[in-house]
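Biologist: I have a new model open and I would like to learn how to read it. Can we go feature by feature?

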Amino acid sequence: MAAFPSIIIILLFFNLNLLSSAYLLVHHLNHNDHNYHHSRPILQANNSGCSLFMGSWVHDDSYPVYDSSACPVIDPDFNCQMYGRPDSDYLKYRWQPANCELPRFNGLQFLEKMKGKTVMFVGDSLGRNQWESLICLTWSSVPRVATQVIRAYPLSTFKFLDYDVTLSYYKAQYLVDIDNVGGRRVLKLEDISENARAWTGVDVLVFNTGHWWSHTGATQGWDVMESGGSMYQDMDRMVAMETAVRTWGRWVDKNIDTTKTRVFFQSFSPTHYNPSEWSGSANTKSCYGETAPVSASVFSGVYPNEMKVVDAVLKEMQTPVYLLDITTLSAMRKDAHPSIYSGDTSTGQKSNPNGTPDCTHWCLPGLPDTWNQLFYTALFF
């Protein structure tokens, strides 16, 4: 009879896991009923289909793949271990898709397959986060190869010279152009020609946008918007974003030769400033102090309006665009942000951790490494 309670506990645990998996499946289907002109890679395991973006986070002591001190490009904003983060469990989580295994990133294979080619991330600082992660992941496999790095604005590049592989980041937080007209920054919602010059001829393009569309006041990146030949002091931000993303979509449809260039769109990277999204305690103010992922059983699964905009545009495009759908899996990682552990001291993070933590970007090593593992899988499998 002593074993009876243990059996009950095991059955309850099994049922809770089933409920958590079922919740994620329903959430994914409700919000990601995409009908795009791309096919997601399907990996087979026990003859069952695998959706890369549904699954759970699993503790794995073989992670992280690299050490922050051994990578030459991590910005202070993302270098959490260097700037005093006391815990390290957030480094040891592996994304486990439902019903299959995700291929482990192989930097040498990546370089060999991409020999002579350029990968460019285009967008805001979340794209820079991912760019630096890809460099670190690749560098960790071939630390002795000749490299060249050029940091500039808006284009930065890192070259693996022995393989003639270039990894670039182009800052264009709105994707469309911003022109200086009469001393005012004009966000041109229907013009992308200036930015797009840098993208022409690139072999693999990874775009993202979203966060800057909600910025106001001193953090706003423009003074007026231009659309349809008229100037606006402001407008509904999601309307503005949709106009800009449609401009991007028209450019892709008109200019991308799919026999030479592959196009990816990175879905919206979630923030963790609102503890109600993960049932935080009464003392929880933000991501500060969070050391473990959100449990699937309490995950609220809020789908950002920014992704609804992207979804609408991608459905109407003619060019195959692969959606790297990292929103839900990233929303579960409330523990993976820099919080107060970054080189950015301008906002007084250390003195007021609950007031100004960075719950937008991600530590490196960390979550963006999984984004790139998924990107790697989409490229080659």
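This is a predicted model: local features need pLDDT of at least 70, side-chain atom pairs count only at pLDDT 80 or more; totals for chains, interfaces and linings use all residues.

Biologist: What is a disulfide, in general?

Modeller: A disulfide is a covalent bond between the sulfur atoms of two cysteines. The cut-off used here is sulfur atoms within 2.5 Å. By this rule the chain's count comes to 4 disulfides.

Biologist: Which parts of the chain does the pair C50 and C100 tie together?

Modeller: C50 lies in the loop between α1 (4–31) and β1 (55–59). C100 lies in the loop between β2 (93–97) and α2 (107–113). The pair therefore ties together parts that are 50 residues apart in sequence.

Biologist: Are C50 and C100 buried or exposed?

Modeller: Both C50 and C100 are buried.

Biologist: Now C71 and C136. How far apart are their sulfur atoms?

Modeller: The sulfur atoms of C71 and C136 are 2.0 Å apart, and the two form a disulfide. C71 lies in the loop between β1 and β2, and C136 in helix α3 (residues 125–139), so this pair ties together parts that are 65 residues apart in sequence.

Biologist: Is the disulfide of C71 and C136 left-handed or right-handed, and why?

Modeller: Look at the torsion about the S-S bond. For C71 and C136 the torsion is about -85 degrees, so the disulfide is left-handed.

Biologist: And why does each of these cysteines count as buried?

Modeller: Buried means under 20% relative accessible area. C71 has a relative accessible area of 10%, so C71 is buried. C136 is at 1% relative accessibility, so C136 counts as buried too.

Biologist: Let me try C80 and C363. What is the torsion about their S-S bond?

Modeller: The torsion for C80 and C363 is about -95 degrees, so this disulfide is left-handed. Its sulfur atoms are 2.0 Å apart. The pair links distant parts of the chain, 283 residues apart. C80 is in the loop between β1 and β2, and C363 is in the loop between α7 (327–331) and α8 (367–380). Both C80 and C363 are buried.

Biologist: What pattern do the disulfides of the chain follow?

Modeller: Count the bonded cysteines along the chain. The pattern is then 1-4, 2-5, 3-8, 6-7.

Biologist: Next, helix pairs. At what angle do the axes of α3 and α8 cross?

Modeller: The axes of α3 and α8 cross at roughly 75 degrees and come within 8 Å. Angles from 65 to 115 degrees count as roughly perpendicular, so α3 is roughly perpendicular to α8.

Biologist: Which residues meet there?

Modeller: From α3, take L126, N129, Q130, S133, L134 and L137. They meet P368, D369, W371, N372 and F375 in α8. The contact divides into 6 nonpolar, 4 polar and 1 charged.

Biologist: How do α5 and α6 cross?

Modeller: Helix α5 (residues 237–255) and helix α6 (residues 305–316) have axes that come within 10 Å and cross at roughly 30 degrees. Their crossing is right-handed. The contact includes M238 and W248 of α5, and N305 and E316 of α6. Its residues divide into 9 nonpolar, 1 polar and 4 charged.

Biologist: Last, the whole chain. How many helices and strands are there?

Modeller: The chain has 8 helices and 13 strands. Buried residues make up 53% of its 381 residues. Among contacts between residues at least 6 apart in sequence, 77% join residues at least 24 apart.

Technical notes: Residues are numbered from 1 along each chain as its sequence is written. Side-chain values use heavy atoms; hydrogens and water are left out. Axes are lines fitted to C-alpha atoms, for helices over the stretch in contact, and angles run from 0 to 180 degrees between N-to-C directions. Helices (H or I, at least four residues) and strands (E, at least two) are DSSP runs, numbered from the N terminus. A crossing is left-handed if the near helix is turned anticlockwise from the far one by less than a right angle, and right-handed if clockwise. Contact means heavy atoms within 4.5 Å. Ala, Val, Leu, Ile, Met, Phe, Trp, Tyr, Cys and Pro count as nonpolar, Asp, Glu, Lys and Arg as charged, and the others, Gly among them, as polar. Buried means under 20% relative accessible area, exposed over 50%, partly exposed in between (1.4 Å probe, protein chains only). Angles under 35 degrees count as roughly parallel, over 145 as roughly antiparallel, 65 to 115 as roughly perpendicular and the rest as oblique.
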